[in-house]
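Dear colleague,

I am passing on the structure below, together with notes on what came out of going through it. Please read the notes with the coordinates open beside them.

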Amino acid sequence: MPAEPRILITGAGGILGQRFTPLCNTNTFATYHHQPQNNTSLSENTAVGDLTDERFIGDLIKRVQPDVIVNLAALTNVERCETDAALAQRVNVGIVEKLLTLAPKARFVQISTDYVFDGAKGNYTPSDTPAPISLYGQTKRDAEIMVLQNSNNLVVRTSGTYDWLERHNLFTFFYNRLSTGKETLALAGCHYSPIWADDLAKGLLSLIKTEATGIIHYAGAERQTRYDFAKTIAKAFNFDESLIRPVMQEKFNWRARRPEDSSLDSSLGFAHAQYKPQSSSRTCSQYRKNMKR
Ligand SMILES: NC(=O)c1ccc[n+]([C@@H]2O[C@H](COP(=O)([O-])OP(=O)(O)OC[C@H]3O[C@@H](n4cnc5c(N)ncnc54)[C@H](OP(=O)(O)O)[C@@H]3O)[C@@H](O)[C@H]2O)c1
């Protein structure tokens with residue numbers, strides 16, 4: 001591996017990509033699916049396009065010749081994956097397969113998900129057996145298997161990623177509703193390990209630098225429900241907590257079933273990265289401070 005490897009980041013405009021891309025060195029090439037919302041002026045080390053387009057992805061690899069590929073591109077909408085299985089397959093599996101084929105010598109870093117588990121146990125470690133119950137989880141698991149065929153590669157599994165930047169996520173959803181006095185339903189009963197995108201980006205970069213391989217869990221240290229998460233936001237910003245209504249998943253009209261407890265045990269990931277994410281209440285306090293500046 002060269003001293004300053006050439007890194008290709010896909011999905012740079014996503015929740016994680018927005019935080020991860022600016023942390024990387026100048027020898028980095030970032031791809032966006034669509035023009036970034038925040039009107040970031042794109043440098044010559046960027047490209048905008050659809051990675052399922054054979055020509056776009058082929059030209060990209062020829063142009064960049066990456067030493068490391070950090071694949072953040074995915075169809076992350078769990079309902080959309082369930083209703084459009086072909087698209088989920090093309091994006092979550094097809095892109096990975098193509099990148100592995102086009103750049104066989106590059107070290108591949110794949111971000112995966114707590115949804116590869118069925119949720120019967122919770123607090124999952126990397127040695128627990130995946131058993132996805134949704135198409136999103138299944139496509140992500142299929143991609144993991146392909147990536148792990150090369151022992152130099154790394155799969156980092158994470159959980160519900162949130163941030164206050166432009167991109168829609170559970171934090172912006174709850175914050176926008178509660179700050180405008182709107183009642184909000186919040187999923188109760190399904191536990192997960194929410195993580196602030198900025199912490200995930202820092203942990204991920206550290207894991208890549210340590211040349212970790214295999215499967216690593218790197219998610220928030222707290223095991224929460226979305227209902228708990230909404231309450232944390234309400235408390236931190238003095239919003240009316242009675243606006244939050246706990247609802248079990250059976251009441252949502254969802255096609256995809258969510259795991260009852262997909263929380264991850266990330267203790268080994270924190271030790272590898274030598275960096276531990278902060279709690280969601282701490283992130284909220286930080287946001288408050290940022291807003292005052
Ligand atoms: N978000 C979570 O809660 C969560 C939890 C566990 C694991 N993960 C994993 O973390 C990784 C990063 O996701 P994220 O949290 O940053 O979610 P995200 O905001 O949905 O980011 C995914 C990115 O992939 C891009 N993309 C989708 N289809 C594409 C295509 N055909 N060509 C090129 N780019 C395409 C999206 O662009 P457009 O939006 O413009 O289409 C978006 O920028 C993913 O592997 C995801 O599975 C996420």
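The helices α4 and α5 are roughly parallel to each other, because their angle falls under 35 degrees. Please keep in mind throughout that this is a predicted model. Helix α4 covers residues 85–102 and helix α5 residues 135–147, and the two pack at an angle of about 10° with their axes 9 Å apart, in a crossing that is right-handed. On the α4 side the contact is made by Ala85, Ala88, Gln89, Asn92, Val93, Val96, Glu97 and Leu100, which meet Leu135, Tyr136, Thr139, Lys140, Asp142, Ala143, Met146 and Val147 of α5. Sorted by class, the residues in this contact of α4 with α5 are 10 nonpolar, three polar and three charged.

The class count for the contact of α6 with α8 is 10 nonpolar residues, one polar and one charged.

Turning to the ligand, there are 25 residues around it, and those that come nearest are Gly11, Gly14, Leu16, His33 and Ala74. By class the shell around the ligand holds nine nonpolar, 13 polar and three charged residues. Which elements each supply at least two residues of this shell? They are α1 (15–20) and β5 (107–113), and the largest share, three residues, comes from α1.

As for the protein chain as a whole, it has 10 helices and 13 strands. Its radius of gyration is 19 Å, close to the 19 Å that the globule rule gives for 293 residues, so the chain is as compact as a globular protein of that length. Along the principal axes, the C-alpha trace of the protein chain spans about 55 × 45 × 35 Å.

With best wishes

Notes:
Residues are numbered from 1 along each chain as its sequence is written. This is a predicted model: local features need pLDDT of at least 70, side-chain atom pairs count only at pLDDT 80 or more; totals for chains, interfaces and linings use all residues. Axes are lines fitted to C-alpha atoms, for helices over the stretch in contact, and angles run from 0 to 180 degrees between N-to-C directions. Helices (H or I, at least four residues) and strands (E, at least two) are DSSP runs, numbered from the N terminus. Angles under 35 degrees count as roughly parallel, over 145 as roughly antiparallel, 65 to 115 as roughly perpendicular and the rest as oblique. A crossing is left-handed if the near helix is turned anticlockwise from the far one by less than a right angle, and right-handed if clockwise. Two residues are in contact if their C-beta atoms, placed from the backbone, lie within 7 Å. Ala, Val, Leu, Ile, Met, Phe, Trp, Tyr, Cys and Pro count as nonpolar, Asp, Glu, Lys and Arg as charged, and the others, Gly among them, as polar. A residue is near a molecule or strand if its C-beta atom, placed from the backbone, lies within 6 Å of it. The radius of gyration is taken over C-alpha atoms; the globule rule is 2.2 Å times the number of residues to the power 0.38.
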